[in-house]
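Have the sequence and the coordinates at hand as you read.

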Amino acid sequence: MRICLVATFPPSGRQLNEYAFHIARELQRHSDVELIILADELTEYKFATDEHGKPLHADQRAELAGFNVIRCWKFGSLSTPVRLLTTIRKLKPDVVWYNLVFSSFATPDKPFAAFAGLSAPALTRAAGFYTHITLHHIIEHVDFAAAGVRHDVIMRLGTDLATRALLKAHSVSVLLPGYRRTLITKYSAQNVLLGTHGTFASIPTPPDFSKRGNPDQRILAIGHWGTYKRLETLMEAFPLVLKKIPNARLVVAGANHHTRAGYWESIRDAQPPELPIEFRGYVLEDDIPDLFQSTSVLVLPYDSATGSSGPAHQACEYGLPIVCADISDFRGMVTDEDMAVRFYKVGGAQDLADQLVAILQSPRLQREMAHHNFAAGVEMTMTSVVKNYLRWFALNRSKREIHDAGMLRERRRMWLRNLRTRNALPRWNLHSGLFERRPEGQIVFGQPPEYTQLEPCSDPFTWIGTTNATDRRHVENEHSNSGPS
């Protein structure tokens, strides 16, 4: 099976490039899959910096070894759909898989370029290629004000049209149940699947508690900063944590959002130098395991959300407790994927500090939440996520082959019947007989089943009983049972 993965891809540094890397790495492990990555061109930009805040230039970013990457589209360009379609026609893949958010192809200040890119999946389907989209957020669940988007009404109208264009793909995966409900209810969509974000390791490594709290109790915040992922509340809360946890240390990692160059550097420069805060900038993939394994708790200091959280799934992969802003999308994620999380009120510095202190002061609570999140992570590895995608693609390829064979037999019978009579069959001619199409010009296979895990793993851990009623009740209430850049 030849698959073209359309995505931002390292060393691009743009949104979802890390997620595309993990998808691609897993696909490479399947000998029957030929993967070609159709990626964004590497350009000069200021939002990706090293640990000193210095921009990373294009000539400093080498292509990753072992991947077949064709950089055939440019961020912010109106020519993106034409260039993509030209490349896809040459490659003739069995599946074209888009990994997208609404700003994958351009920022809101270039709405026409953004819409042009988002129309590419519909054009790909119209060209006759099976087209699937993994859509990481939908606009109906995005707080435009918190994300810094202006012209709210106009943008809503434009993104409504863009959503309808995306739904012209053969199938669309979303990663939260609420997103699927919205697309079905508002747009009457019949091709939306519920996927899983997944953790990135094929074989997760259990947490090593000897690396935590030795000597520092590390609090990690990681992401693409500056829009809805913001650091002001965390900076206000951290001194409050230090009063009760003197050996606490805050690590802030990750690049700026591509629309907010210089954001985390401005936060760093505003902090008193005596505070134990380390700003790491963009963290290379090889350095991620040590960063997470030496962390005591992950914090998600968001003002709003635009989908399932990648850092939260990485926390599950490495077995970390999580403290998270109380946002409906995250509540749905925690419920759906069985994570152990303590929530704080959005913008509430004191509440955030209290939740962090409660975990850091209780080694037992740290272990319980860590074991629970690791058990959740074992059940949603990228290996099982990609297997489910490949099964879906193989199923639809089989359906197309069966349908095409049936159509050929039917056309042959019609030709033979027509040859035996002097009269043409009613309402039939050469063009309609050979090229008849169903509504919307495509074959309809029926409504796809819900996209779920097909091979759940057994839970290697059990919830450890606790005699502290407050801690136990809080954890049970804050997590529940439950797919780049």
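## Starting point

Please keep in mind that this is a predicted model. As background for the next two sections, most peptide bonds are trans, and most residues other than glycine have a negative phi.

## Cis peptide bonds

Pro10 and Pro11 are joined by a cis peptide bond, with omega at about 5°. To find Pro11, look in the loop that runs between strand 1 (2–7) and helix 1 (17–28).

Another cis bond links Asn214 to Pro215, and omega is about 5° there. Pro215 sits in the loop between strand 7 (192–194) and strand 8 (217–222).

## Positive phi angles

Ser188 is not a glycine, yet its phi is positive, near 55°. This residue belongs to the loop between helix 7 (177–187) and strand 7. Ser188 is also exposed: its relative accessible area is 52%, with over 50% being the cut-off for that word.

Asp338, likewise not a glycine, has a positive phi of about 60°. You will find Asp338 in the loop between helix 12 (328–337) and strand 13 (341–344).

## Helix 13

How many residues does helix 13 have? There are twelve, residues 349–360, and the distance from the first C-alpha to the last is 16 Å, close to the 16 Å expected at 1.5 Å a residue.

Which residues of helix 13 are buried? They are Ala349, Leu352, Ala353, Gln355, Leu356, Val357, Ile359 and Leu360. When you view such a list, recall that an α-helix has 3.6 residues a turn, so residues three or four places apart point the same way.

Terms used. Residues numbered from 1 in each chain as written. Predicted model: local features only at pLDDT ≥ 70, side-chain atom pairs only at ≥ 80, totals over all residues. Heavy atoms only, no water. Helix = DSSP H or I, 4+ residues; strand = E, 2+ residues; numbered from the N terminus. Expected span 1.5 Å × (residues − 1). Buried < 20%, exposed > 50% of the residue type's maximum accessible area, 1.4 Å probe, protein only.
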